Amino acid sequence: MFGIPGKPPVTLTEAAQNQILRLMARGGSKGLRIGVKKGGCAGMEYTMEYVDEIAPHDEVVESNGARVMIAPMAQMFLFGTEIDYANGLIESGFRFNNPNVTEACGCGESIKFAGT
């Protein structure tokens, strides 16, 4: 993992922790795997999926019982990211406050990193 010893690669807000715990309980999973893939108008998109088995090269971050795994190919793109969850009248979902993003599309669904 690209990181600083003793510092988690990503942090979870209380709202994100609570939502992840709800999803883990509902789905009976070990947590959520987060990653990035090519796509969207800015070039990359975040991915999230339920995890039944933790892969050997996943970076595991646990906060108050909420667990996320960072896919190996996404680790360098996600270092320093704060993951939040917003529950709004029109839209609810996870928000990634990522210092590594250099551009984002207008709809907020895709991002671009330096050098990609």
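Q: In which strand of this predicted model is S63 found, and is S63 buried or exposed?
A: In this predicted model, S63 belongs to strand β4, which covers residues 59-63. Its relative accessible area is 18%, and since the cut-off for burial is under 20%, the residue found in β4 is classed as buried.

Q: With the side chain of which residue does the side chain of S63 make a polar contact?
A: Leaving aside residues up to four places away in sequence, S63 touches L12 and Q17. A polar contact between side chains, at 2.9 Å, joins S63 to one of these, namely Q17.

Q: Which element gives the largest share of the largest nonpolar core?
A: The largest nonpolar core has 23 residues, and those with the most contacts inside it are V10, L12, I20, I70, I83 and F94. Two or more residues come from each of several elements, among them β1 (10-12), α1 (14-27), β2 (31-39) and β9 (111-113). In soluble globular proteins, nonpolar side chains tend to be buried together. The largest share of this core, 4 residues, is given by α1.

Q: Which strands stand at the edges of the open sheet formed by 3 strands?
A: The order of this open sheet is β1-β6-β7, with mixed pairing, and its neighbouring strands are turned by 25 degrees against each other on average, direction ignored. Two of the strands have a single partner each, so one side of each is left without a neighbour in the sheet; these edge strands are β1 and β7.

Q: Which residue in β6 does T11 stand opposite?
A: The pairing of β1 with β6 runs in the parallel sense and extends over 3 bridges. Within β6, the residue that stands opposite T11 is E82.

Q: What angle does the direction of α1 make with that of β6?
A: Helix α1 packs on the sheet and touches β1, β6 and β7. Taken against the direction of β6, the direction of α1 makes an angle of about 75 degrees.

Q: Which residue meets E53 in a salt bridge, and how many residues apart are the two?
A: The structure holds 6 salt bridges, and in one of them the side chain of E53 meets that of K30 at 3.7 Å, N to O. E53 is exposed, at 57% relative accessible area, whereas K30 is partly exposed, at 35%. The pair links the loop between β3 (43-51) and β4, which holds E53, to the loop between α1 and β2, which holds K30, so that distant parts of the chain are joined by residues that lie apart by 23 residues.

Q: Which residues are linked with R33 in a network of salt bridges?
A: The side chains of D58 and R33 meet in a salt bridge at 2.7 Å, N to O, and this pair connects the loop between β3 and β4 with strand β2 across 25 residues. Both partners count as buried, D58 at 10% relative accessibility and R33 at 16%. The network of salt bridges links R33 with E49 and D58.

Technical notes: Residues numbered from 1 in each chain as written. Predicted model: local features only at pLDDT ≥ 70, side-chain atom pairs only at ≥ 80, totals over all residues. Heavy atoms only, no water. Core = buried A, V, L, I, M, F, W, Y, C linked by side-chain atoms within 4.5 Å. Buried < 20%, exposed > 50% of the residue type's maximum accessible area, 1.4 Å probe, protein only. Polar contact = N/O pair within 3.5 Å; in protein donor to acceptor, adjacent residues only side chain to side chain. Contact = heavy atoms within 4.5 Å. Pairing = 2+ DSSP bridges. Axes fitted to C-alpha atoms, helices over the stretch in contact; angles between N-to-C directions. Salt bridge = Lys/Arg side-chain N within 4 Å of Asp/Glu carboxyl O.
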